[in-house]
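Here are a few friendly notes on the aromatic side chains, for you to follow with the model open beside you.

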Amino acid sequence: MTEIDYKGSCFCGKIEFHIEGKPLMNVFCHCPGCSLGVGVSPVHCLVVPDNNFKVTKGEEYVTIFDGTGSLRFGKCSECGAGIFQYPEGAGYRAGYPRMLHGYRKGLNNKLPEDLMPTAHINYENRQMDNYDDLPKFDVFPPPPPDETTDDETEPESFDEYETQVPVISASRKHWWDK
């Protein structure tokens with residue numbers, strides 16, 4: 001993934017933030033935690049290390065809400081807009097590309113190429129099938145190669161991983177499967 005450098009804000013403008021660096025993931029997440037916390041599924045998450053997501057104005061308006069488990073949501077206490085989410089202690093935050101300047105007010109509804117999601121994660125929890133060409137991972141994609149292996153190159157995108165986790169294993173039954 002390429003380096004990004006964007007600014008964004010909540011609806012009322014009391015909170016402004018800056019997100020930069022090389023994203024760890026840029027995905028559609030279908031997990032219940034994200035979906036319930038944001039109110040839609042899937043949630044477009046632009047995930048960066050904690051130090052690459054900075055609230056630059058209005059920190060006093062950021063209210064942290066508990067989600068499921070260790071998941072936390074940062075929202076504006078004035079307008080209620082979601083700004084970020086993170087699993088407590090994980091070392092990263094997920095921002096929402098829709099809240100970035102130029103996209104927040106619907107002035108431009110199509111994201112630039114560097115903000116387009118690269119995969120679906122937690123796809124086993126999807127509410128409906130998504131008919132796009134993005135890789136779909138049952139839970140999460142395999143981790144990048146370990147530094148101790150002979151392979152010293154980190155994949156640039158999910159496309160470069162050799163395998164995908166099966167979307168749904170054939171042995172798994174759901175309540176709607178008769």
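**Notes on rings and charges**

1. Lys136 places its charged end over the ring of Tyr123, 5.9 Å from the ring centre. For a charge to sit over a ring, NZ of Lys or CZ of Arg must be within 6 Å of the ring centre and within 35 degrees of the ring normal.

2. A word on the source: this is a predicted model, in which local features need pLDDT of at least 70 and side-chain atom pairs count only at pLDDT 80 or more, while totals for chains, interfaces and linings use all residues. Residues are numbered from 1 along each chain as its sequence is written, and side-chain values use heavy atoms, leaving out hydrogens and water.

3. There are three aromatic pairs in the structure (rings of Phe, Tyr and Trp, the last by its six-membered ring, pair if their centres lie within 6.5 Å; planes under 30 degrees apart are stacked, over 60 edge-to-face, the rest tilted). One of them, Phe17 with Phe53, is stacked, at 5.1 Å centre to centre and 10 degrees between the planes. This pair joins distant parts of the chain, 36 residues apart: Phe17 lies in strand E2 (residues 16-21) and Phe53 in strand E5 (residues 53-57). Strands are DSSP runs (E, at least two residues), numbered from the N terminus.

4. Phe53 also pairs with Phe84: the centres are 5.4 Å apart and the planes at 65 degrees, so this pair is edge-to-face. Phe84 is in strand E8 (residues 82-87), 31 residues from Phe53. Both Phe53 and Phe84 are buried (under 20% relative accessible area, 1.4 Å probe, protein chains only), and Phe17 is buried too.

5. Ring pairs connect Phe17, Phe53, Phe84 and Tyr86 in a cluster. Over the ring of Phe84 sits the charged end of Arg93, 4.4 Å from the ring centre.

Key. Helices (H or I, at least four residues) and strands (E, at least two) are DSSP runs, numbered from the N terminus. Buried means under 20% relative accessible area, exposed over 50%, partly exposed in between (1.4 Å probe, protein chains only).
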